[in-house]
Amino acid sequence: MSNSNLNYYFGNRSNIHAFTQLDHNFNTGFYPQISFLDELHEVIPNSTLVFNFRPLADWIHSTTNWHGMRSRFSKFLMPGLVMTPKQVQRAKDIRDDVVKGAGVKLTDVQLAKWWCGHVLHIREYVQEYPSHALIELDLYDSNGTTSLLYDLFQADSVAYNYTQQQNQDQQQDDSRGSSVSCWGQSNKKGTQKQNKKRKRNKGGR
């Protein structure tokens with residue numbers, strides 16, 4: 001790993017308190033927070049890692065519908081993502097500019113195994129290097145997540161009270177069946193619609 005690459009991702013941190021978007025996930029894509037995890041530890045050994053969680057089916061739904069991210073994943077050759085020989089060869093050909101277009105589609109099982117493996121890897125990594133803290137946030141627990149973030153970062157009280165009111169409004173909208181979404185819950189509703197559609201296609205079973 002060259003110093004220039006490390007400086008690009010983790011250098012010049014005098015005014016930086018958080019990295020929230022390290023990855024480049026278009027074209028052939030790259031996730032330094034996965035591939036450079038050891039380097040990140042060396043440079044910032046006391047960093048706090050934050051995981052955002054939603055139910056796995058909702059995460060897959062989001063990945064599939066967010067600007068073709070599922071298709072983009074098939075070209076990345078990400079650490080921990082187990083691909084078939086055909087998928088690997090296609091991804092390499094795309095990266096080498098031998099062919100154009102999408103990779104070979106990833107299955108739900110492949111995505112689920114990659115995500116679960118990534119979560120376990122990070123948890124084990126923090127156990128091995130306890131100088132790090134790991135925070136896991138439930139994106140669907142709006143009140144709990146907001147309260148935790150407020151406690152951690154001492155957010156402005158006006159902004160906190162505003163968010164609390166937004167959460168109350170959200171709960172009222174949900175009870176009325178509104179389409180208003182918060183913390184990515186639109187993916188939850190999208191998954192529920194998919195499940196209902198599958199039941200209809202199976203004759204209601």
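Predicted model: local features only at pLDDT ≥ 70, side-chain atom pairs only at ≥ 80, totals over all residues.
In soluble globular proteins, nonpolar side chains tend to be buried together. The largest nonpolar core of the model contains 26 residues, among which Tyr31, Trp59, Phe73, Met78, Trp114 and Trp115 touch the most other members. Elements H3, E1, H4, H5 and H7 each contribute at least two residues to this core, and the largest share, eight residues, is supplied by H7. Beyond its neighbours within four places in sequence, Phe73 makes contact with Tyr31, Trp59, Thr63, Met78, Leu81, Leu106 and Leu111. In helix H4, the buried residues are Asp58, Trp59, Ile60, His61, Ser62 and Thr63. His67, which follows H4, has a positive phi, near 50 degrees.

Ile122 is located in helix H7. Because its relative accessible area is 7%, below the 20% cut-off, Ile122 is classed as buried. When residues up to four places away in sequence are not counted, Ile122 touches Leu37, Leu49, Phe51 and Leu134. The C-alpha atoms of Ile122 and Ile34 are 9.1 Å apart, although 88 residues separate the two in sequence.

The model has three salt bridges. In one of them, the side chains of Arg70 and Asp108 meet at 2.6 Å, N to O. Arg70 belongs to helix H5 and Asp108 to helix H7, so this pair ties together parts that are 38 residues apart in sequence. Arg70 counts as buried at 10% relative accessibility, whereas Asp108, at 38%, counts as partly exposed. Another salt bridge joins the side chains of Glu136 and Arg123 (2.8 Å, N to O). This pair links distant parts of the chain, with Glu136 in strand E2 and Arg123 in helix H7, 13 residues apart. Glu136 is partly exposed at 35% relative accessibility, and Arg123 is partly exposed with a relative accessible area of 34%. A salt bridge is also formed by the side chains of Asp97 and Lys100 (2.7 Å, N to O); both Asp97 and Lys100 are exposed.

Note on methods:
Residues numbered from 1 in each chain as written. Heavy atoms only, no water. Helix = DSSP H or I, 4+ residues; strand = E, 2+ residues; numbered from the N terminus. Buried < 20%, exposed > 50% of the residue type's maximum accessible area, 1.4 Å probe, protein only. Contact = heavy atoms within 4.5 Å. Core = buried A, V, L, I, M, F, W, Y, C linked by side-chain atoms within 4.5 Å. Salt bridge = Lys/Arg side-chain N within 4 Å of Asp/Glu carboxyl O.
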